[in-house]
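I opened this notebook to look up ring contacts. The entries below follow the order in which I checked them.

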Amino acid sequence: MQLKRLFSTESVKGTKDYLNTQKKYELIRTALYFAISVSLFVAGYIQTRQRMNLLTVVAVLGCLPASKSAVAAIMFLRFHSCSRDASAEIEPHVRGLSCLYDMVFTSYKKNYVIGHIAVCGNTICGYAENDKDFNENDFYKHIGDILKMDGHKNITVKIFTSLPKYTERLEQMKGLEHDEALTQAVISTLKSVAL
């Protein structure tokens, strides 16, 4: 039961500290999967005094999900969550807005790490804390194409690398009229394409 509870604590995409929590989850899961494979191999060797036995085959097959889990762990290790200072600065400005934290969008050319995103109808604003050279045009083209394929048209996207400018924009977004159904549909699309 304790093991089931450990694996049910996988964080929810878009929540605060998602990337940091997911890193820990993926590392623990990877270590556990490899430990199971190693223990099966050792148990087979102890029992038969040979490497060639049925448990060795099972242990080798067990390396497949362990390796897949290792790849996921390596992906998450590359990215960092929105810092506590930045999230503390953002929090007072997001009341009434639908927001996502720690979103990583992957494309063929580049990965786009956005620490915080606010969505209000057809307006998306984000804060890229760790990337001062964020290429907004490439990101807009990438995410714009995805949103269009999902049926969302006339979506405006603006990504900030300056926290004061971002919080100022968040305050402006509070005054925008918006369709809550559209907001939730855009959030759903963003979550579905993020790491």
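How many aromatic pairs does the count come to? I get 5 aromatic pairs, taking rings of Phe, Tyr and Trp (its six-membered ring) as paired if their centres lie within 6.5 Å, with planes under 30 degrees apart called stacked, over 60 edge-to-face and the rest tilted.

I worked on a predicted model, where local features need pLDDT of at least 70, side-chain atom pairs count only at pLDDT 80 or more, and totals for chains, interfaces and linings use all residues. Residues are numbered from 1 along each chain as its sequence is written, and side-chain values use heavy atoms, with hydrogens and water left out.

Entry on Y18 and F76. I found this aromatic pair edge-to-face, at 6.0 Å centre to centre and 80° between the planes. Y18 belongs to helix α2 (residues 18–48) and F76 to helix α3 (residues 54–77), so the pair ties together parts 58 residues apart in sequence. Helices (H or I, at least four residues) and strands (E, at least two) are DSSP runs, numbered from the N terminus. I noted both Y18 and F76 as buried, meaning under 20% relative accessible area (1.4 Å probe, protein chains only).

Entry on Y127 and Y166. The ring centres are 5.8 Å apart and the planes at 20°, so I logged the pair as stacked. Y127 is in strand β3 (residues 123–127) and Y166 in helix α6 (residues 163–173), 39 residues apart. Y127 counts as buried at 5% relative accessibility, and Y166 counts as buried at 0%.

Entry on other rings. I saw F105, Y112 and F139 linked into a cluster by ring pairs. K158 lies over the face of F160, 5.4 Å from the ring centre; the rule asks for NZ of Lys or CZ of Arg within 6 Å of the ring centre and within 35 degrees of the ring normal.

Methods:
Buried < 20%, exposed > 50% of the residue type's maximum accessible area, 1.4 Å probe, protein only.
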